[in-house]
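I set out to look up a few features of this structure and to record each with the rule applied.

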Amino acid sequence: MSAKIKVATTSLAGCFGCHMSLLDIDERILALVELVEFDRSPLTDIKQIGACDLGLIEGGVANAENVEVLRDFRRHCKILVAVGACAISGGIPAMRNSFALADCLTESYVTGIGIHNPGVPNDPEIPLLLNQVHPIHEVVKVDYFLPGCPPSGDAIWTFLTELLAGQPISLPYTQLHYD
Ligand code: SF4
């Protein structure tokens, strides 16, 4: 029996909705785990990525830790996939790109409505925010883009099964939507 394909997944500046959508393949996950073995992923809680065939990235790049994790995935994964609108274009977190970072922090932690004990967090454990939120292809080379917010479970299934079978990806138009 041939070795299983090793897959890693992570969420950068995302909402985990794309990971929820992966679970929306429902019972097909039983067929998937016959083909693949999950490495670092919220699904396994493995924290360090090993050598992988496929990396699925949810979320854009908003802070220094996101850059580090993304580069680590690129180093370890033969194929890297931007999954969902945030990874592809920055998505909702990138709405802050219209404003200066200092103004975002002041609004969020000092002057915004309903704030008690105002003050911008300054703990060295907290990753430093970048001035802008970036799509992942601005930081590393990306091999595939799987659109949607999130991509549906059916779209993820189509993508994975065709990719793993070595076929061209042929997402039907009905599987491309953003709700
Ligand atoms: S693309 Fe949509 S579902 Fe996926 S992480 Fe971004 S906001 Fe969440």
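The entries below go by topic.

**Basis**

I worked on a predicted model, in which local features need pLDDT of at least 70 and side-chain atom pairs count only at pLDDT 80 or more, while totals for chains, interfaces and linings use all residues. Residues are numbered from 1 along each chain as its sequence is written, and side-chain values use heavy atoms, with hydrogens and water left out.

**Ligand shell**

I looked up which residues are around the ligand. I took a residue as near a molecule or strand if one of its heavy atoms lies within 4 Å of it. The residues are Gly 14, Cys 15, Gly 17, Cys 18, Glu 58, Gly 84, Ala 85, Cys 86, Gly 148, Cys 149 and Pro 150.

I then sorted the shell by residue class: six are nonpolar, four polar and one charged. For this sorting Ala, Val, Leu, Ile, Met, Phe, Trp, Tyr, Cys and Pro count as nonpolar, Asp, Glu, Lys and Arg as charged, and the others, Gly among them, as polar.

I also noted secondary structure, taking helices (H or I, at least four residues) and strands (E, at least two) as DSSP runs numbered from the N terminus. Helix 1 (17-23) and helix 4 (85-89) each supply at least two residues of the shell.

Within the shell I checked Cys 149, which lies in the loop between strand 7 and helix 6. Cys 149 is partly exposed at 38% relative accessibility. My cut-offs were under 20% relative accessible area for buried, over 50% for exposed, and in between for partly exposed (1.4 Å probe, protein chains only). Cys 149 and Cys 18 are 131 residues apart in sequence, yet their C-alpha atoms are 7.3 Å apart in space.

**Cysteines**

How many disulfides does a search of the whole structure find? The search returned zero, a disulfide being a pair of cysteine sulfur atoms within 2.5 Å. Cys 52 is in no disulfide, and the nearest cysteine sulfur is that of Cys 77. The two sulfurs are 4.9 Å apart, too far for a bond. I recorded Cys 52 as buried at 4% relative accessibility, and Cys 77 as buried with a relative accessible area of 4%.

**Salt bridges**

I counted a salt bridge where a side-chain nitrogen of Lys or Arg is within 4 Å of a carboxyl oxygen of Asp or Glu. Over the whole structure the search gave seven.

One of them joins Asp 39 and Lys 6, with the closest N and O atoms 3.5 Å apart. This pair links distant parts of the chain, 33 residues apart: Asp 39 is in the loop between strand 2 (36-38) and strand 3 (52-58), and Lys 6 is in strand 1 (residues 5-11). Asp 39 is buried at 8% relative accessibility, whereas Lys 6 is partly exposed at 25%.

Another joins Lys 47 and Asp 45 at 2.8 Å, N to O, and both residues are exposed.

I found a further salt bridge between Lys 141 and Asp 143, with the closest N and O atoms 2.6 Å apart. Lys 141 is exposed at 56% relative accessibility, while Asp 143 is partly exposed at 25%. Arg 74, Lys 141 and Asp 143 are linked in a network of salt bridges.

**Aromatic pair**

I paired rings of Phe, Tyr and Trp (its six-membered ring) if their centres lie within 6.5 Å, with planes under 30 degrees apart counted as stacked, over 60 as edge-to-face and the rest as tilted. By this rule the count comes to one aromatic pair. Tyr 144 is partly exposed at 31% relative accessible area, but Phe 159 is buried at 2%.

**Two loop residues**

Is Ser 41 buried or exposed? Ser 41, in the loop between strand 2 and strand 3, is buried with a relative accessible area of 3%.

Met 95 lies in the loop between helix 4 and helix 5 (101-111) and is exposed at 57% relative accessibility. I found Met 95 and Leu 54 to be 41 residues apart in sequence and 29 Å apart in space, C-alpha to C-alpha.
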